[in-house]
Amino acid sequence: TNRATKIFFKDKPVSSITRNDQTGELWISSDKLYQLKDDQLRSIDISNSLPPYPGKIYFDPENIAWICTGNGITKMGSENSLFYDLSKGPTHSMVNMIANDEKDQTWLATHDGLGQKIDHNFKAYRSVNNTNIGYVAWLHKTKQNSLLAGSAAGILSIEGDNISLKHALATTKFYEDEEGVLWLTTENGRVFKLQHDSLQEI
């Protein structure tokens, strides 16, 4: 019809329009930087650390946006951060390690037991077989996709929501070698080798 069906930037100057081929979004430089997809408009401005009045945009092969501005060049990656405050629980807020299980569920090794991240919530596990898990020094997904943890109660196996005690040995450090053998140490200097579920002191 040669008539505009929608006007997005009435009375605003637009200096550049760039299509992000990986996401299909249009990135539009105006008084702010705008992202347009499916008629939904989102803005990025100085509150997101972007200098005012952005110009031309270039996307490199790693999908990083390089934006020309009057004050220099800005690099924008896809990094986002989200902070979960665990000071009021449910898990202990001192987190020692983080690992994912074979189903890509995120687990936390904490000062008092294990934590599991479920969507944006957390679930605490503080006992196994009526024994306090206590301090969890390490958490590791092995080459066989088993998630193991070293706690004050011993070496734990995590499968789904099921936590079991494999060996009642408190360990402080671990290392998995190229053959999948787990080397474990204790706080008083003992060294153990864990292979095929068999624990041997070295």
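This is a predicted model: local features need pLDDT of at least 70, side-chain atom pairs count only at pLDDT 80 or more; totals for chains, interfaces and linings use all residues.
Local features are considered at pLDDT of at least 70 and side-chain atom pairs at pLDDT 80 or more, while totals for chains, interfaces and linings use all residues. Residues are numbered from 1 along each chain as its sequence is written, and side-chain values use heavy atoms, with hydrogens and water left out.

The sheet is open and consists of four strands in the order β1-β2-β3-β4, with antiparallel pairing. Strands here are DSSP runs (E, at least two residues; helices would be H or I, at least four), numbered from the N terminus, and two strands count as paired if DSSP finds at least two bridges between them. The edges are held by β1 (16-19) and β4 (40-44); each has a single partner strand, so one side of each is left without a neighbour in the sheet. From one strand to the next, the twist averages 20°, where axes are lines fitted to C-alpha atoms, for helices over the stretch in contact, and angles run from 0 to 180 degrees between N-to-C directions.

Consider next the pairing of β1 with β2 (residues 26-29), which is antiparallel and comprises four bridges. Within this pair, S16 stands opposite S29 in β2, and R19 stands opposite L26 in β2. The two strands form a hairpin with six residues between them, and G24 in the turn has a positive phi of about 80°.

On to the pairing of β2 with β3 (residues 33-37): these strands run antiparallel and are joined by four bridges. Here I28 stands opposite Y34 in β3. This pair also forms a hairpin, with three residues between β2 and β3.
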